[in-house]
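Let's take a friendly walk through a protein chain together.

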Amino acid sequence: MKYRILFVIWLLLLGLLAGCASSGPERSLDDPTNSLVFGFIDMDEAPTQVSSAWIMQVAPPSETPYWSLGVNKGLFYNSYLPPGSYQLSKFSGSGFFAGEHEYSFPRQGNQTALRITKPGIYFLGSFKYKKVDTGIFEQGKFSIEKINKPTEAELLQRILDENKEIKNSAWGNKIRAHLKKLKP
């Protein structure tokens, strides 16, 4: 019994270390060259919800091109991206009956492509997962379609409400100022 408990603890620590190692390059939240990139994906029609997500830096070339995104109930974001070109790379999630799923985006024709030329706040959009019918022996496929809700302002407010670190950093003031510009 003692060895089982130690084995479970070892697996948990290994998982935490693997998660930290794959989170992408490290940058300070207060770096003035940072940009906040965020969006939303409705996974109601998917086999799982999203528990992790990554955005890929397409240009300039990087030894560590994948950046992790914070994920909470469809909202995804990263508040420390440097200038460059990016696109969503993949989402993943698991469910009791569905098992582990990875939703990879294409490298070409990805409608989430974004170019950051100067530091700021960038909204990728709100999307809905759509299952694509395939043949019986084909791997499952999906697409995403743009939706109008939640809005940019609603998602920014969620970031402020749900992430105390961002709310109390320089981003908090930038987000509040941006929200004032968005209000009609």
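## A walk through the chain

Setting aside residues up to four places away in sequence, S89 touches W54, I55, M56, Y66, Y103, S104 and F105; a contact here means heavy atoms within 4.5 Å. S89 itself lies in strand 5, which covers residues 84-95. S89 counts as buried because its relative accessibility is 12%. The cut-offs are these: buried means under 20% relative accessible area, exposed over 50%, and partly exposed in between, with a 1.4 Å probe and protein chains only.

Before we go on, a word about where this comes from. The model is predicted, so local features need pLDDT of at least 70 and side-chain atom pairs count only at pLDDT 80 or more, while totals for chains, interfaces and linings use all residues. Residues are numbered from 1 along each chain as its sequence is written, and side-chain values use heavy atoms, leaving out hydrogens and water.

Now move along to F127, which sits in strand 8 (residues 121-132). Is F127 buried or exposed? With 1% relative accessibility, F127 counts as buried. Its contacts, not counting residues up to four places away in sequence, are F40, I41, D42, Q111, T112, I144, E145, K146 and I147. Take I41 from that list: F127 and I41 are 86 residues apart in sequence, yet their C-alpha atoms are 4.7 Å apart in space.

Step back to see the whole chain. How many helices and strands does the chain have? There are 4 helices and 9 strands; helices (H or I, at least four residues) and strands (E, at least two) are DSSP runs, numbered from the N terminus. Along the sequence, their order reads α-β-β-β-β-β-β-β-β-β-α-α-α. Of the 184 residues in the chain, 40% are buried. Among contacts between residues at least 6 apart in sequence, 64% join residues at least 24 apart.

Finally, let's visit the surface. K164, K167, R176 and K180 form a positive surface patch. Helix 3 (164-167) and helix 4 (170-182) are the elements that give two or more residues to this patch. Patches are made of residues with over 30% relative accessible area and no salt bridge, with like charges joined within 9 Å and nonpolar side chains (Val, Leu, Ile, Met, Phe, Trp, Tyr) within 5 Å. A salt bridge is a side-chain nitrogen of Lys or Arg within 4 Å of a carboxyl oxygen of Asp or Glu. One of the patch residues, R176, lies in helix 4, and R176 counts as partly exposed because its relative accessibility is 34%.

Methods: Areas by Shrake-Rupley, 256 points an atom, 1.4 Å probe, with all protein chains shown as cover. Lys, Arg positive; Asp, Glu negative; His and termini not counted. Charge placed at Lys NZ, Arg CZ, Asp CG, Glu CD.
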